[in-house]
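Hi everyone, thanks for making time.

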Amino acid sequence: MTHACGARNAVVCIIVAAAIVTSCSSSSVAPSQTNAPRGGNPVDGRILFIGNSLTEANGLPAMVETLSRQGGGTPISTASVVFGGFSLEDHWKQGTAQRRVAEGGWSIVVLQQGPSALPESQAALREWTARFDAIIRASGGRTALYMVWPESNRRDAFDAVSRSYTRAAEDVGGMLFPVGEAWRGAWRRDPDVPLYGPDGFHPTPTATYLAALVIYQQISGRSPVGLPALTQMPADRVRILQEAAQEANAQFGRR
């Protein structure tokens, strides 16, 4: 598989009891509202995630759902297609993600692959984002890019990761969830915020909460500041993460 995501995350934190999290080697399709309509015009707040273990780790889609219930506005309902180590090209060739997109009824389809910092992986991210965008638009949805982060031993690649995902989003007029930039914003406030997991790549529950804050704000248009913590952490750290998410969206996000 191309652009592999690295070792599987050893810890999956279930945030919402109704969320279903499968192993990284299989697809995960877990809509929280099983009676939500399919086909036809998209329903506000119905989100499909397509990615790999960086999306699956710690139940990110479920966290976004929970924040939407806590933060008000239109409740967000999610489903996901995730395979460990998959790039967007891998998803395209495997076919499950395309079939889910074609079902229709999605307001937003969120695309994620590895850091995509190298020139060849940047080109691949843009190419396969464009291919997915065509079928997402045809089914009545909008494309969003979930910007991730480089491995802990390649922190100098943060700028390249940011440029790669930004260009892919700009190419298709899509949304951009600048999670990698939120990581840097959190570290500017507190260098000790634990974002890398034990393998130096997958996110900690703290980092997944930060990602959920970024995504929730971009989808809902509501500030993440003041939302409850969904993992065990001090109140001052919660505030740091919420401010970092808001700052990253203001400076780098696309809606």
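Let's begin in helix α3, residues 88-94, where you'll find both Lys-93 and Glu-89, four residues apart, or about one turn of the helix. Keep in mind as we go that this is a predicted model. Those two side chains form a salt bridge, and their closest N and O atoms are 2.7 Å apart. Are the two partners buried or exposed? Lys-93 is exposed, with a relative accessible area of 60%, whereas Glu-89 counts as buried because its relative accessibility is 17%, and the cut-off for buried is under 20%.

Another one joins Arg-154 to Glu-151, with 3.0 Å between the closest N and O atoms. Here Arg-154 counts as partly exposed at 27% relative accessibility, and Glu-151 is partly exposed too, at 25%.

Now for a pair that spans the chain. Glu-243 forms a salt bridge with Arg-189, the closest N and O atoms being 3.7 Å apart. This pair links distant parts of the chain: Glu-243 sits in helix α9, residues 235-252, and Arg-189 in helix α7, with 54 residues separating them. Glu-243 is partly exposed at 28%, and Arg-189 is partly exposed at 32%. Which residues make up the network of salt bridges here? Arg-188, Arg-189, Arg-239, Glu-243 and Glu-247 are linked in it.

Let's zoom out for a moment. The chain has nine helices and five strands, and reading along the sequence gives the pattern β-α-α-β-α-α-β-α-β-α-β-α-α-α. Of its 255 residues, 57% count as buried. If you look at contacts with a separation of 6 or more, 77% of them are between residues 24 or more positions apart.

Next, the strands. Strand β1, residues 46-51, is mostly covered, with six of its six residues buried. In a regular strand the side chains alternate between the two faces of the sheet. In β1, Arg-46, Leu-48 and Ile-50 point one way, while Ile-47, Phe-49 and Gly-51 point the other way. β1 pairs in the parallel sense with β2, residues 77-82, over six bridges, and Gly-51 stands opposite Val-82 there. It also pairs in the parallel sense with β3, residues 108-111, over four bridges, where Leu-111 is the bridge partner of Ile-50.

In soluble globular proteins, nonpolar side chains tend to be buried together. In this model the largest nonpolar core has 72 residues, and Trp-149, Trp-183, Tyr-209 and Leu-210 have the most contacts inside it. Helix α8, residues 205-220, supplies the largest share, ten residues. Beyond its neighbours up to four places away in sequence, Leu-210 touches several residues, including Trp-183, Leu-195 and Leu-241.

One last stop is helix α6, residues 158-172. Its 15 residues reach 22 Å from first C-alpha to last, close to the 21 Å expected at 1.5 Å a residue. Among its buried residues are Phe-158, Val-161, Tyr-165 and Val-172. What covers the buried residues of α6? The cover includes α5, β4, β5 and α7. Just after the helix, Gly-173 takes a positive phi of about 65°.

Note on methods. Residues are numbered from 1 along each chain as its sequence is written. This is a predicted model: local features need pLDDT of at least 70, side-chain atom pairs count only at pLDDT 80 or more; totals for chains, interfaces and linings use all residues. Side-chain values use heavy atoms; hydrogens and water are left out. Buried means under 20% relative accessible area, exposed over 50%, partly exposed in between (1.4 Å probe, protein chains only). Helices (H or I, at least four residues) and strands (E, at least two) are DSSP runs, numbered from the N terminus. Two strands pair if DSSP finds at least two bridges between them. A nonpolar core is a set of buried Ala, Val, Leu, Ile, Met, Phe, Trp, Tyr and Cys residues joined through side-chain atoms within 4.5 Å. Contact means heavy atoms within 4.5 Å. The expected span of a helix is 1.5 Å times one less than its number of residues. A salt bridge is a side-chain nitrogen of Lys or Arg within 4 Å of a carboxyl oxygen of Asp or Glu.
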